[in-house]
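Here's a friendly walk through one protein chain. Have a look at the sequence and the 3D view, then read on.

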Amino acid sequence: MPFGISIWELMILLIVLLLIFGAKRLPEMGRSLGKGMREFKDSVTGVEEAVSTTTPTPTHVELPSAPSEPDSTKESEAETERQTVS
């Protein structure tokens, strides 16, 4: 049996549930539990399908090219800063 439950333990559990909830309430609880599990399964598969269909394909992106010569103003600022620190 699943989860290591024997037939006798399952029978005792069903009898206790019958005594607590009654004969009318148990089928309603079973239906609502099954409906909830079905809705959960449908929502999970719906999300997986939506993700797989809406995933965009990667496109090639052109990056701007770097300037061929370094910016001389940044170098002069860095040199001036080094001289003031010394």
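This is a predicted model: local features need pLDDT of at least 70, side-chain atom pairs count only at pLDDT 80 or more; totals for chains, interfaces and linings use all residues.

The mean pLDDT of the chain is 78, and 64% of the residues reach 70 or more.

As for the layout, you'll find 3 helices and 0 strands. Following the sequence gives the pattern α-α-α.

Let's start with helix 1, which covers residues 7-21.

Now for the surface. How much of the chain is made up of buried residues? The figure is 0% of the 86 residues. The accessible surface of the chain comes to about 8,500 Å², and carbon and sulfur atoms account for 65% of that.

There's also a nonpolar patch on the surface, formed by F3, I5, L10, L13 and L14. Together these residues have about 510 Å² of accessible area. One of them, I5, sits in the segment before helix 1. I5 has a relative accessible area of 32%, so it counts as partly exposed.

On to the charged pair. Side chains of opposite charge can pair when their charged atoms come close. A search of the whole structure turns up 1 salt bridge. Which residues meet in a salt bridge? The side chains of E28 and R25 do, at 3.4 Å, N to O. Both E28 and R25 belong to helix 2 (residues 25-54), and they are 3 residues apart, about one turn of the helix. An α-helix has 3.6 residues a turn, so residues three or four places apart point the same way.

| Residue | Relative accessible area | Class |
|---|---|---|
| I5 | 32% | partly exposed |
| E28 | 41% | partly exposed |
| R25 | 43% | partly exposed |

To recap, the chain has 3 helices, a nonpolar patch that includes I5, and a salt bridge between E28 and R25.

Conventions:
Residues are numbered from 1 along each chain as its sequence is written. Side-chain values use heavy atoms; hydrogens and water are left out. Helices (H or I, at least four residues) and strands (E, at least two) are DSSP runs, numbered from the N terminus. The expected span of a helix is 1.5 Å times one less than its number of residues. Buried means under 20% relative accessible area, exposed over 50%, partly exposed in between (1.4 Å probe, protein chains only). Accessible areas come from the Shrake-Rupley method with a 1.4 Å probe; for residues, only the protein chains shown count as cover. Patches are made of residues with over 30% relative accessible area and no salt bridge: like charges are joined within 9 Å, nonpolar side chains (Val, Leu, Ile, Met, Phe, Trp, Tyr) within 5 Å. A salt bridge is a side-chain nitrogen of Lys or Arg within 4 Å of a carboxyl oxygen of Asp or Glu. pLDDT is the predictor's confidence in each residue, from 0 to 100.
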